[in-house]
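This report covers aromatic pairs, salt bridges, a surface patch and model confidence. Please read it beside the structure shown here.

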Amino acid sequence: MSSITVGNWIVGPLLAVMTLLFIFRIVLTWYPEAEANKFPFNLVYLPTEPFLIPVRKLVPPFGGVDISPIIWVAFISLLREVLVGQQGLLRMF
């Protein structure tokens, strides 16, 4: 197995999991009573919060809506397509 194939097997699922976590994070914004430090919500908050903090500094919430998870879903989806999509960089080699 080549290193590129191993990269596909690692990078693709990792980006998919991160996308799923950010989508869960978007859904959790609909439930403000969900406590970030309690199980199972902390399984979503802990891995995503370090990514969201710098984006919130650049794009603060407006109208009471935090769009930073949406920005990350878009970015990770683009990155996944560029790296491991049908015409992705890791598949071309």
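## Aromatic pairs

In this predicted model, F75 is partly exposed, because its relative accessibility is 44%. W72 has a relative accessible area of 17%, under the 20% limit, and is therefore buried. W72 and F75 both belong to helix 3 and are three residues apart, which means that about one helical turn separates them.

Four aromatic pairs are counted in total. One of them joins F22 and F51: the ring centres are 6.1 Å apart and the planes stand at 80 degrees, so this pair is edge-to-face. The pair connects distant parts of the chain, since F22 sits in helix 1 (residues 3–28) and F51 in helix 2, 29 residues apart. F22 is buried at 0% relative accessibility, while F51 is partly exposed at 34%. The rings of W72 and F75 are also edge-to-face, because their planes are at 85 degrees, with the centres 5.5 Å apart. Ring pairs join F22, F51, W72 and F75 into a cluster.

## Salt bridges

Four salt bridges are found in the whole structure. One of them pairs E49 with R25, with 2.5 Å between the closest N and O atoms. E49 is in helix 2 and R25 in helix 1, so this bridge ties together parts 24 residues apart in sequence. R25 is buried, with a relative accessible area of 5%, whereas E49 is partly exposed, at 23%.

Another bridge is formed by the side chains of D66 and R56, at 2.9 Å from N to O. D66 lies in the loop between helix 2 and helix 3 and R56 lies in helix 2, so the pair ties together parts that are 10 residues apart in sequence. R56 is partly exposed, at 22% relative accessibility. Through shared partners, salt bridges join R25, E49, R56 and D66 into one network. The side chains of E35 and K38 also meet in a salt bridge, at 3.6 Å from N to O. Both residues are partly exposed: E35 at 40% relative accessibility and K38 at 45%.

T48 itself lies in helix 2 (residues 42–58) and is buried, with a relative accessible area of 0%.

W30 is located in the loop between helix 1 and helix 2. With a relative accessible area of 60%, W30 is exposed. The C-alpha atoms of W30 and D66 are 11 Å apart, and the two residues are separated by 36 residues along the chain.

## Nonpolar surface patch

L78, V82, L89 and M92 make a nonpolar surface patch of about 390 Å². Helix 3 (68–84) and helix 4 (89–92) are the elements that each give two or more residues to this patch. M92 belongs to helix 4 and counts as exposed, at 58% relative accessibility.

## Confidence

The protein chain has a mean pLDDT of 88, and 94% of its residues reach 70 or more. Confidence is highest in helix 2, at a mean of 95, and lowest in helix 4, at 76. Where pLDDT is low, predicted coordinates should not be read in detail.

Notes. Residues are numbered from 1 along each chain as its sequence is written. Side-chain values use heavy atoms; hydrogens and water are left out. Patches are made of residues with over 30% relative accessible area and no salt bridge: like charges are joined within 9 Å, nonpolar side chains (Val, Leu, Ile, Met, Phe, Trp, Tyr) within 5 Å. Accessible areas come from the Shrake-Rupley method with a 1.4 Å probe; for residues, only the protein chains shown count as cover. Helices (H or I, at least four residues) and strands (E, at least two) are DSSP runs, numbered from the N terminus. Buried means under 20% relative accessible area, exposed over 50%, partly exposed in between (1.4 Å probe, protein chains only). Rings of Phe, Tyr and Trp (its six-membered ring) pair if their centres lie within 6.5 Å; planes under 30 degrees apart count as stacked, over 60 as edge-to-face and the rest as tilted. pLDDT is the predictor's confidence in each residue, from 0 to 100.
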